[in-house]
Amino acid sequence: MAVRTTSALITGGNKGLGLEAARRLGELGWTIFLGSRDEGRGREAAGKLAAGGARVVLVPLDVTSEESVAAAVTLVREHTDRLDVLINNAGASGRGVPPANATAEEIHAVYDTNVYGPVRVTHAFLPLLREAECPRVVMVSSGAGSFAVITDPDQPSASMHELAYASSKAALNMLTVRYAQALPEIKFNAITPGEVVNRTYAATDMNHHTGTLTVTEGTDSIVRLATIGADGPTGTFSDRLGPISW
Ligand SMILES: NC(=O)c1ccc[n+]([C@@H]2O[C@H](COP(=O)([O-])OP(=O)(O)OC[C@H]3O[C@@H](n4cnc5c(N)ncnc54)[C@H](OP(=O)(O)O)[C@@H]3O)[C@@H](O)[C@H]2O)c1
């Protein structure tokens, strides 16, 4: 199949925000390469999207594995010679270990998904992105990755004492800026699914569905940055209400 529509690869697309972003972009008529580290869960999700009319290709993809990422590139290349949009969405929350007890091993596991994962996937898909007319990369970060948020005592994350997750998302934010500066031909933007000013986030498995925003609301910023044109921004950080502080 030669893909003629806009195409997007979404990591961690089998559930939560990734799946909802896939559904919404699929509704636009895009071809969705649905990344899922578990093939069974991915097939189920892809089946639901296809039943809703989406053009979807399941891509087995564990962002912590070089081999898996390489195999994903090979598979996507069987369908298209360019990729318009990459959404680095797959994320791990870690176990919320307090700083005094956090080990390098625990942090490494979170970084492997949240930091090295987006680097692995972005690096591997750069050649396909470069073939697109207006390539875009959306980094799904978090308000917890913002120094402004974490140092604001009124923000709940300020008093959630853990090291791995917040620091991994801060690193992801810096990666976004560094990619954007070095590769102006590709738009790199970081988003958080929540509303920072209202201290809200989207209900998903990651937060045991304690969020007050729906996954549709949570994906507003993802969809907005995935659908920007040539005049769109790069190197920004925003939530569904607009730009936010780093
Ligand atoms: N919910 C919010 O309001 C919120 C707020 C801030 C940031 N975020 C960020 O949003 C992104 C999506 O999270 P979510 O809320 O939708 O949580 P979720 O429902 O738990 O989804 C997480 C997704 O990431 C996948 N994943 C985890 N490790 C992976 C790996 N090594 N390789 C490939 N996929 C992997 C999961 O796959 P499995 O199903 O196989 O586990 C799942 O598809 C994350 O980056 C998260 O940090 C969410």
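I started with H208, which sits in the loop between β6 and α8. The model I am reading is predicted. Phi of H208 is near 55 degrees, and that is a positive value in a residue other than glycine. Is H208 buried or exposed? I found 8 other C-beta atoms within 10 Å, so H208 is exposed.

Next I looked up R199. R199 lies in the loop between β6 (187–191) and α8 (215–218). I read its phi as near 55 degrees, a positive value, and R199 is not glycine. R199 has 15 C-beta neighbours inside 10 Å. Exposed means 12 or fewer and buried means 20 or more, so R199 falls in between, as partly exposed.

Then I turned to the ligand. I noted 32 residues around the ligand, and G12, G16, A90, G91 and Y201 come nearest. Which helix gives the most to this shell? Helix α1 (residues 16–27) does, with three residues. I also sorted the shell by class: 16 residues are polar, 10 are nonpolar and six are charged.

Last, I checked the largest nonpolar core. This core holds 61 residues, and A8, L9, I32, L34 and I87 touch the most other members. Helix α7 (residues 164–182) supplies the largest share of this core, seven residues. Nonpolar side chains tend to be buried together in soluble globular proteins.

What is A8 in contact with, leaving aside its neighbours within four places in sequence? I listed L25, W30, I32, F33, D84, V85, I87 and A226.

Methods: Residues numbered from 1 in each chain as written. Predicted model: local features only at pLDDT ≥ 70, side-chain atom pairs only at ≥ 80, totals over all residues. Near = placed C-beta within 6 Å. Helix = DSSP H or I, 4+ residues; strand = E, 2+ residues; numbered from the N terminus. Nonpolar A, V, L, I, M, F, W, Y, C, P; charged D, E, K, R; others polar. Core = buried A, V, L, I, M, F, W, Y, C linked by C-beta atoms within 7 Å. Contact = placed C-beta atoms within 7 Å.
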